[in-house]
Amino acid sequence: MSQPADLVPALEQELLELEEARRPSRFADRLGRYAPAIVLFVVALIAWETVVAAFNIQGFLLPRPSVIAQTFVAELSVIVPAGLFTLREALGGFVIGSLLGALAALATARWALVHEGMMPFAIAVNSTPIVALAPIMNNWFGITNPLAKMSIVAVIVFFPVMINMVRGLTQVDAGALELMRSYAASEISVLRRVRFPNALPYLFSALKVASTLSVIGAIVSEYFGGSREALGVYISQQAALFHFAEAWGAIIVACIMGIGFYLIILLVERVVMPWHVSVRSAVE
Amino acid sequence: MNEAQPVVAIRGVSKTYNERGDNRVKALDDINLSISSGEFVSLLGPSGCGKSTLLRVIGDLTPPSAGSVQVNGKSAHQARLDRDYGMVFQQATLYDWRSVGKNVQLPLEVMAYPKAKQELRTRDMLRLVQLEEFSRHYPWQLSGGMQQRVAIARALAFEPAILLMDEPFGALDEMTRERMQMELLRIWSQTQTTVVFVTHSIPEAVFLSNRVVVMSARPGRIAGMINIDLPRPRAFETREDPRFFAKVTEVREVLRREETQVRS
């Protein structure tokens, strides 16, 4: 009877390989997927340009994309350092907020009492506009101190990270926990081998949201005043002077920073969780 | 069979869920059962007969309301702490974030085996279930039957005294199921582990077991025990043997007798 049983794994291996061979090449696949978005982007730019020219819309209402592009290049030496200054605030706040959020989640998941006490507030605060605290933070830390903006960003990031992480730590498959129980595993072992890995996808979906939120939070809190080197300050000043092409140029930088930050988190996610559903199509 | 010192001794075990609530459910009523070393015992019965509950009581995942379970002369609780149980559930319950090899290695990590021993045992176990070349695959890349083989390898990795299996092949198709039954018998004969196997399939229980414990529902009681003295090793031909059919009929009779009694 051992012969057919030996054949089975070999057959299964063969099936897996066949499936792999059937997949189309990855590059062509990707290009095909992004083509509609690229076409839409180009069409939108052309439409914008022609509409502004055709209806003779004033530059201070809506500058033409070509003008924005020219100004963008001319102002690069100002916008890019401003962007980096703001990015540093966003990053600092992101790191502080995520770390504290994850730690709070660990405490919350571990002690039921902390959970009962904290979660209602966490959920409540999560739906309040935290940027509104910006003037207060400016007052506490000093208007030009990057810490004022970092603390706003940290508070913005803290709650989604914490709430998601708590979910990931507690919503664990009952069978996975019973298995550990049958091994008489310690609570630390369960945390390390079951709860934490289970929470990783939740954590990363929170970090992806937090990455864009942190750039938005930093820029918007700069509207309430800040260092002259900051991107948010630059945008509000140029807009006040009716230099809208410059403001648009700075917005492009903000946009690139937000997307770039998001993509970096996405990349880290793929490296950290090669097993996850969201990564499967790429690994297969 | 070693009658003097049973591996599992269940005496007067009852289990009532929601004991203090309004909707009390009596799942088990006065169960007495001894299982000897190296025996393959099936708990068979309709759904709701408490067979899974009994398995969970043996494995100290659910406390009994009354009675005692002794495992190798210890309480079930102590036996769990001593890591005497290997568990296999209906779902393979493999951890998504671990490769097949790392899943098998999981109990060895938890139990702090030396690193070299961990790797050696993992390799041996994967060889035992014939999945060596899938060590680096992730669970989702495997079929249902392969996943369940990994779960069996994981359950046996730390050489537990007893293998507790709760409808492990219940989610598999008929063909895979029969192949897995063969696999399990081969593994059982190689490891000499005591197996308690929960199922609601009569042919499955008869094909695998030394002894079939037939249970009846509401409250869960033992309706009868049938020794299955079919020759071993059992193979494909066993299922076509008239003695196999005779045993299947015998078990079915016990189940039917119980049912008519309950109705009348």
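**View 1. The largest nonpolar core of this predicted model has 85 residues.** A nonpolar core here is a set of buried Ala, Val, Leu, Ile, Met, Phe, Trp, Tyr and Cys residues joined through C-beta atoms within 7 Å, a residue being buried if 20 or more other C-beta atoms, placed from the backbone, lie within 10 Å of its own. The residues with the most contacts inside this core are B:I58, B:V150, B:A153, B:L164, B:V196 and B:V213, and its largest share, 7 residues, comes from helix α5 (residues 144–156) of chain B. Helices (H or I, at least four residues) and strands (E, at least two) are DSSP runs, numbered from the N terminus. This is a predicted model, in which local features need pLDDT of at least 70 and side-chain atom pairs count only at pLDDT 80 or more, while totals for chains, interfaces and linings use all residues. Residues are numbered from 1 along each chain as its sequence is written, and chains are lettered from A in the order in which they are written.

**View 2. Surroundings of B:A153.** Leaving aside neighbours within four places in sequence, B:A153 is in contact (C-beta atoms, placed from the backbone, within 7 Å) with B:V104, B:M125, B:L126, B:L128 and B:V129.

**View 3. An open sheet of 4 strands in chain B.** The strand order is β2-β1-β4-β5, with antiparallel pairing, where two strands pair if DSSP finds at least two bridges between them. The edge strands, each pairing on one side only, are β2 (25–35) and β5 (74–75) of chain B. Strand β1 (residues 8–17) of chain B is joined to β2(B) by 7 bridges, and B:V8 stands opposite B:I35 in β2(B).

Terms used
Buried ≥ 20, exposed ≤ 12 C-beta atoms within 10 Å, placed from the backbone. Contact = placed C-beta atoms within 7 Å.
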